[in-house]
Amino acid sequence: MGSRPVGVVLLIPNAPPSDFYLVDGDPRGLFAIDQATGRLTTAAPVDREQVEEHALTVVAVQTDRSFASCHVVVTVTDVNDVVPTFIDNDLSIIEVPDDAAVGRALYKVRAWDADSGRNGQLRYTLEDRSSYFAMDPEDGTLHLARPFGDLGRASGNTFQLKVTIEGTFK
Ligand SMILES: [Ca+2]
Ligand SMILES: [Ca+2]
């Protein structure tokens, strides 16, 4: 899974001289705050596919022991770092009647990519020597592309199709 560089500055507070503490919202120690300057940075790689939003609480304590707290929400933006995978089995067996109409949807290949938005879009490509079949490249639906008529009696024929997927922007 993807990660972001450590040490990215997320916040520089505008506050009078204080001691700063990160007191809540970071159970895994992904963030660090400089006690003297209040500079909030990443201390470990963050990954949107694990946690998309971190709600942190920062406390500033002054020398007279007065203190104030503030909430900082860190939203992790997505990078295209996940490769798509098939949900279906390696081998799917489909039976098609020999009088099936051209354009009829026969099967839908399912796959997914945990990235968000355009980073998670997939493209389906069909390998089919028979050219009887076609696939919607965007949603993985398998169609009949031409009638079986020229086979004479189509019944009993077996066709082997191969589908590959790629992340559109990978
Ligand atoms: Ca992706
Ligand atoms: Ca990602």
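Buried residues make up 13% of the 170 residues in this chain; buried here means 20 or more other C-beta atoms within 10 Å of the residue's own, exposed means 12 or fewer, partly exposed lies in between, and C-beta atoms are placed from the backbone. This is a predicted model, in which local features need pLDDT of at least 70 and side-chain atom pairs count only at pLDDT 80 or more, while totals for chains, interfaces and linings use all residues. Residues are numbered from 1 along each chain as its sequence is written, and chains are lettered from A and ligands numbered from 1 in the order in which they are written.

On to the overall layout. The chain has 13 strands and zero helices, where both are DSSP runs numbered from the N terminus: E over at least two residues for strands, H or I over at least four for helices. Its radius of gyration is 27 Å, well over the 15 Å given by the globule rule for 170 residues, so the chain is more spread out than a compact globule. That radius is taken over C-alpha atoms, and the rule is 2.2 Å times the number of residues to the power 0.38. The C-alpha trace spans about 95 × 20 × 20 Å along its principal axes.

The domain assignment, automatic or from a database, gives domain 1 (9-75) and domain 2 (85-167). Their C-alpha centres lie 50 Å apart.

Strand 2 pairs with strand 5 over five antiparallel bridges, and Asp-19 has Val-61 of strand 5 as its bridge partner.

Now the core. The largest nonpolar core has nine residues, among them Phe-20, Ile-33 and Val-58. Such a core is a set of buried Ala, Val, Leu, Ile, Met, Phe, Trp, Tyr and Cys residues joined through C-beta atoms within 7 Å. Beyond four places in sequence, the contacts of Phe-20 include Pro-13, Ile-33 and Val-58, a contact being C-beta atoms, placed from the backbone, within 7 Å.

Last, which residue sits in the loop between strand 4 (40-42) and strand 5? Arg-48 does, and Arg-48 is buried, with 22 other C-beta atoms within 10 Å. Leaving aside neighbours within four places in sequence, Arg-48 contacts Val-76, Thr-77 and Asp-78.

Notes:
Contact = placed C-beta atoms within 7 Å. Pairing = 2+ DSSP bridges.
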